[in-house]
Structure formats: C-alpha cells, structure tokens
Amino acid sequence: MLDYQVSVRNDEALMKNFILEGVRGAINQQDKTVNVSVMANSGIDLTNATFEVEHSEDAICSPASGTKGNFTEPFQITLNDNTATSVYTVYVTMISDPVAIFVGEAENIELLNDEEKAAAKWLTGNIESAAYASWNDIASGNISLEKCKLVFFHRHCSSYGNYNGFVEAEQGAMTALPKMKELWQNGVGFVLGRSAVNYAIALGAMPEDAYPNNVWGGGGGEGSDQMGDDPWHFGFWDTYQDGKDAVEAKTGGRALGGDNSVSSWELKGANGEFGKGGVICLGSGLFDWNSPTPYVSNYHDNMGTILLNAFDYLTK
C-alpha cells in the first residue's frame, strides 16, 4: 500500500516590500500602488534609480528586482505566479518639507545599524512625506523642518549609566539640540525609543534626576538576536518600588506600561499639556523593529500601530 501526501498551494502575486535607493515605499494592496517619498536633497537620480522588490514565493518580478528604472514618471512592476498576476504602479514624490522625520547619526538611512534602519524605513514607508535626516542635516540647516510635526529618535546601543554619559556619547544629537528644542517648544511631538529616551531630558521635557536606571537584558528573548516572549526592561526600578505615582511625580509624566517597572511613559509638551506636541518614551528593548534571526512574532506587527497612534496623538 502506498501513502501519498497532497500539497495544495495558491498562486499568489503579492508585493511585500519595495525599496528605492534605500527608501521604503508605502504599498496599497487594494489599489496596487506604491508611494515613495524622497527628499529633494537626497542626491538620488530618479531617471536611473535602483529598486528592490520583496514578493510572494514563486512569483516572478518584471522588471527584475535589483535593476534600475526611470521613476520621474509612474513606473509599473508586474508580478506573475502562474494564474496570478498583479501590476503595481510606483509613484515617487520629491519632498522638501517633511511632516515627520527619523533622526540618526548616519549620513543616510542605509548606514544606520539594522535596528535603527528598520525603524526608519517603517516611518518613511508608512507616513506620507516622512523622511530620514541626519543630525548634521539638522544642525547645519540642510533640511527644512517648517512643516515637521513629529520627530522619531530610536537609539539602539548600550546604556550610558547616567545622563552625562548620554551627552558625551551622542554628540550629533547634542549638536542639533538647539533646533530640536525649538521644534519641541513650537509644538512638534517626539517619539523616543530605547536609549533615545534620554533626549527627553535634553529637550527639557523631563528632569535630569529622572534618568532611567538601565537597560536589562532578557536572555534569549525580545531585544536579542532571537525574538521571543522574554522581555527586556528599561525602567525606573528604584522609584517604582514606591509605586507608579512616585514615577509620575519624578518625571512629571504619565506611565503607559511596564512589568514591575515603568518601561513606557508620556511627557507633556512645552505648553504644559499632554497630547499634541508632547513626548512619548518607549524605553523597553521589547520594542524591536528588527531581528537578525527568524522568529515567530508575538507582538511585532503591533509596532506600526503604536507608532501610527502616537503620530495621530502627538500631532492632532
């Protein structure tokens, strides 16, 4: 007697990710469109730009991923898998006044470390007219921020030990601080991730003696090479023993979440009010954007929802 195993697969021609010269596009699956926002001062030659496509298994991409195209006009990409065919149209918009920026030390988004790069590409690919800006761009005035409503600073590195350690290590961020303070004082909202939560002190949104104690590793869990359900913590450990109210009194903010520590919190805007123009701190290493190894996502798809909600909350 012979046993047969029958496998059934559906033909699928689905675009999962689109990158144009390091800039991630926003894919609309219903309309089969891809919108890419490129900074006017990026130096990208749209007449001969390299694109990359991540698509469903077995689909064939035409033109091929990794080749060049003229993106000064709508550019069509066809995916085919037997009976399934999808035609996506890519639209590129040159922006000189971004509404949201991801900030970092690197000259461009591709030179960021993998964790920060993933966060930056999420922002530019999901919020229209969002862009990457280096600290040097900001300090030197190479980028117009007249229409900017949100700054996203996500710093993946070892903890600093104290606020002075942060100041010494993050020279680029401190050089751009006068402009960042100006933005915050004018009602621009900030989302600060991981070690970047210390920038809230630099802005004046949180007192220096409220420096978070440390980043604590979670073994093989979230924040390490292997994502899982074992969290990292970034919190006010000593203060938390006296209760959440003590943390809020120390920071002048509101605790948003944590596990035996406050790992996420919000701070008031320069106008003294929560909400528009405020600061949201996501200090836990639990808030991962990238993993160098395969993993089963327990929460990762929610990261985008959290950031979109933060954008709405801090800008409207």
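## Sheet around strand E5

In strand E5 (residues 49–55), Phe51 is the bridge partner of Leu20. Strand E1 (residues 15–20) and E5 run antiparallel and are joined by 5 bridges. E5 is also joined to strand E7 (residues 68–69), again antiparallel, through 2 bridges; here Thr50 stands opposite Lys68. Strands are DSSP runs of E with at least two residues, helices are runs of H or I with at least four residues, and both are numbered from the N terminus. Two strands count as paired if DSSP finds at least two bridges between them.

These strands belong to an open sheet of 4 strands with antiparallel pairing and the order E2-E1-E5-E7. Its edge strands, each pairing on one side only, are strand E2 (23–24) and E7.

## Model and confidence

The model is predicted: local features need pLDDT of at least 70, side-chain atom pairs count only at pLDDT 80 or more, and totals for chains, interfaces and linings use all residues. Residues are numbered from 1 along each chain as its sequence is written, and side-chain values use heavy atoms, with hydrogens and water left out.

The protein chain has a mean pLDDT (the predictor's confidence in each residue, from 0 to 100) of 85, and 85% of its residues reach 70 or more. Over residues 215–234 pLDDT stays under 50. For that stretch the model has 68 contacts beyond four places in sequence, a contact being heavy atoms within 4.5 Å. Where pLDDT is low, the predicted coordinates should not be read in detail.

## Mixed five-stranded sheet

Another open sheet has 5 strands in the order E3-E4-E9-E8-E6, and its pairing is mixed. Strand E3 (26–28) and strand E6 (60–62) are the edge strands, each pairing on one side only. Neighbouring strands of this sheet are turned by 20 degrees against each other on average, direction ignored; the axes are lines fitted to C-alpha atoms, for helices over the stretch in contact, and angles run from 0 to 180 degrees between N-to-C directions.

E3 and strand E4 (residues 33–39) run antiparallel and are joined by 3 bridges. The partner of Ala26 in E4 is Asn35.

## Gly125 in helix H1

Gly125 is found in helix H1 and is buried, with a relative accessible area of 3%. Buried means under 20% relative accessible area, exposed over 50%, and partly exposed in between (1.4 Å probe, protein chains only). Not counting residues up to four places away in sequence, Gly125 touches Arg24, Gly25 and Ala26. Gly125 and Val34 are 91 residues apart along the chain, and their C-alpha atoms are separated by 9.4 Å.

## Salt bridges

The structure holds 8 salt bridges. A salt bridge is a side-chain nitrogen of Lys or Arg within 4 Å of a carboxyl oxygen of Asp or Glu. One of them pairs Arg155 with Glu116 at 2.7 Å, N to O. Arg155 lies in strand E12 (residues 150–155) and Glu116 in helix H1 (residues 114–126), so this pair ties together parts that are 39 residues apart in sequence. Glu116 counts as buried at 5% relative accessibility. Arg155 also meets Glu170 in a salt bridge of 2.8 Å, N to O. Glu170 is in the loop between helix H3 (163–169) and helix H4 (171–175), 15 residues from Arg155, and counts as buried at 3% relative accessibility.

Arg254 forms a salt bridge with Glu266, with the closest N and O atoms 2.9 Å apart. Because Arg254 lies in strand E16 (residues 254–257) and Glu266 in strand E17 (residues 264–267), the pair ties together parts that are 12 residues apart in sequence. Arg254 is partly exposed, at 36% relative accessible area, while Glu266 is buried, at 5%.

## Nonpolar cores

A nonpolar core is a set of buried Ala, Val, Leu, Ile, Met, Phe, Trp, Tyr and Cys residues joined through side-chain atoms within 4.5 Å. The largest has 43 residues, and those with the most contacts inside it are Ile138, Met180, Leu192 and Tyr199. Helix H6 (residues 199–203) supplies the largest share of this core, 5 residues.

Beyond four places in sequence, Tyr199 touches Trp135, Phe153, Phe166, Ala173, Met174, Ala176, Leu177, Met180 and Leu192. A second, separate core of 25 residues includes Phe102, Trp122, Tyr132 and Val191.
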